[in-house]
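Please read it alongside the coordinates.

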Amino acid sequence: VDYELGGHPDFMYKEMTEQPDAVDRCLRGRLDRRFMSARLDGIGLTPREYQQIRRVKLLGCGSAYYAGQLGAELIEQLARIPADAEPASEFRYRNPVVDPETLYVAISQSGETLDTLAAVHELKRKGGRVIGLVNVVSSSIARECGSGLFLHAGPEISVAATKSFTNMGVALALLALELGRVRDLSMADGRRLVDGLLALPAQLAGILGQEPGIAGIARKYAGAEHMFFVGRVQGWPVAREGAQKLKEISYVHAEAYQASELKHGPLALIDPEMPTVVVLPADDLLAKNLSTIEEIKARGGPVVAVTDADLPDGLVTDVIRVPRAERELAPITHSVALQLFAYHLAKALGREIDRPRNLAKSVTVE
Ligand code: G6P
């Protein structure tokens, strides 16, 4: 059965390897080739209702919050609807304005995180329209939201989220696609994204196939006391999630920063003992990210690039190459590479992968 390790060293490893299938399940029946859009019956909104949405607010905790941040970027770029993410743990305590023209999205693997559940209660009490993006079908958040999208990632046992994070990204891309296609996202862009989503499982399998190379790079950095993770715009939640993974399972101090903000403070910390992982997709921001890399190199900082761009040899200290995905979906491929990086760095330090100290898989208490 699913809960057994089946020869894998731990659940995190098993769950990372399941990602191509998990993505496939999340997409099944949800792509609409006639309109080059998504078919999201579980949300239960008509095209007209989708058009009436003026803002989107995404709520979650931990990795689910970072996925929400990625979703906000996708929705804003593809649908041109103002969108932002906030930790559900903050939202529930700050007496937020609840607006009837906003679509609220509660994101949770377990569907039991108390902070997220409390945010949903607060929203509903104030008349907000909230849908759930949840993995566990019979969970409290799924029940409380009443509509939404199940992630279909399958059971996730490891404390560190892997396949659930990936499927949150996929589900949010589907939502952004649907919101875009009832506005002015073109048929051609719709087709590009539909094809891009369908290509993801094979791309993720390609990254998993590169594991020995990624493990070798991760081991090189196992002696670092601190690491930076940087990315721009949609690469920023990828950097945050990459740093979070490393902290959770290796206990190495990792800090994520917007690459653009590095020069406004944290650059002071760069020296040969401070490696930086740069999320470097081949998108419009490539040149900007390359100049960030130059700034780091000029201070002697080692650079690990996670990239689907063609980098000249010797530009950075180490390169983790990922297959080229559609630019909006690149955060998903880059994140999976960073999961493997964190995993092998933690392994090199002899950490207990599935049971990191001080953490629980789901936090169901105050
Ligand atoms: C805990 C876990 C995190 C997870 C967060 C949200 O803090 O340690 O890995 O991201 O809860 O969990 P959820 O089940 O709501 O996605």
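1. How many nonpolar, polar and charged residues does the shell around the ligand have? The model is a predicted one, and its shell holds six nonpolar, eight polar and no charged residues. In total 14 residues surround the ligand, and the closest are Gly62, Ser108, Gln109, Ser110 and Thr113.

2. Overall dimensions. A compact globule of 366 residues would have a radius of gyration near 21 Å, and the value of 20 Å for the protein agrees with that. Along the principal axes, the C-alpha atoms fill a box of roughly 55 × 40 × 40 Å. Of the 366 residues, 52% count as buried. Among contacts with a separation of 6 or more, 75% come from residues 24 or more positions apart. The secondary structure consists of 13 helices and 12 strands.

3. The sheet containing E5. Five strands form an open sheet in the order E4-E3-E5-E6-E7, and the pairing is parallel. Strand E4 (83-87) and strand E7 (148-150) stand at the edges with a single partner strand each, so one side of each has no neighbour in the sheet. Ignoring direction, neighbouring strands are turned against each other by 20 degrees on average.

4. Pairing of E3. Strand E3 (residues 55-60) is joined to E4 by five bridges, and the two run parallel. Leucine 59 has glutamate 86 of E4 as its bridge partner. E3 is also joined to E5 by five bridges, again in a parallel arrangement. In that pairing, leucine 58 stands opposite valine 105 of E5.

5. Strand E5. Is this strand enclosed or open to the outside? Seven of its seven residues are buried, so E5 is largely enclosed by the rest of the structure. Both faces are covered: Thr102, Tyr104, Ala106 and Ser108 are buried on one side, and Leu103, Val105 and Ile107 on the other. Six bridges link E5 to E6, with the strands running parallel. Serine 108 stands opposite valine 134 in E6; Ser108 is also listed among the closest residues to the ligand.

6. Helix packing on the E5 sheet. The sheet has the strand order E4-E3-E5-E6-E7. Helix H6 (residues 114-125) packs on this sheet and touches E3, strand E5 (102-108) and strand E6 (129-134). The direction of H6 makes about 160 degrees with that of E5.

7. Alanine 88. This residue is found in helix H5 (residues 88-91). Alanine 88 counts as buried because it has 30 C-beta neighbours inside 10 Å, where 20 or more are required. Leaving out residues up to four places away in sequence, alanine 88 touches Leu59, Gly60, Cys61, Ala106, Asp115, Thr116 and Ala119. Its C-alpha atom is separated by 9.5 Å from that of threonine 113, 25 residues apart along the chain. Thr113 is one of the closest residues to the ligand.

8. The sheet containing E8. A further open sheet of five strands has the order E9-E8-E10-E11-E12, with parallel pairing. Its edge strands are strand E9 (253-258) and strand E12 (318-321), each of which pairs on one side only. From one strand to the next the twist averages 20 degrees. Helix H11 (residues 235-250) packs on this sheet, touching E8, E9 and E10, and its direction makes about 160 degrees with that of E8.

9. Pairing of E8 and E10. Three bridges join strand E8 (residues 226-231) to strand E10 (residues 276-280), and these strands run parallel. Here valine 230 stands opposite valine 278 of E10.

10. Backbone angles to check. Most residues other than glycine have a negative phi. Arginine 80 is partly exposed, with 13 other C-beta atoms within 10 Å. Tyrosine 251, also not a glycine, has a positive phi of about 65 degrees. Tyrosine 251 is located in the loop between H11 and E9, and is partly exposed with 14 other C-beta atoms within 10 Å.

Note on methods: Residues numbered from 1 in each chain as written. Predicted model: local features only at pLDDT ≥ 70, side-chain atom pairs only at ≥ 80, totals over all residues. Pairing = 2+ DSSP bridges. Helix = DSSP H or I, 4+ residues; strand = E, 2+ residues; numbered from the N terminus. Axes fitted to C-alpha atoms, helices over the stretch in contact; angles between N-to-C directions. Contact = placed C-beta atoms within 7 Å. Rg over C-alpha atoms; globule rule 2.2 N^0.38 Å. Buried ≥ 20, exposed ≤ 12 C-beta atoms within 10 Å, placed from the backbone. Near = placed C-beta within 6 Å. Nonpolar A, V, L, I, M, F, W, Y, C, P; charged D, E, K, R; others polar.
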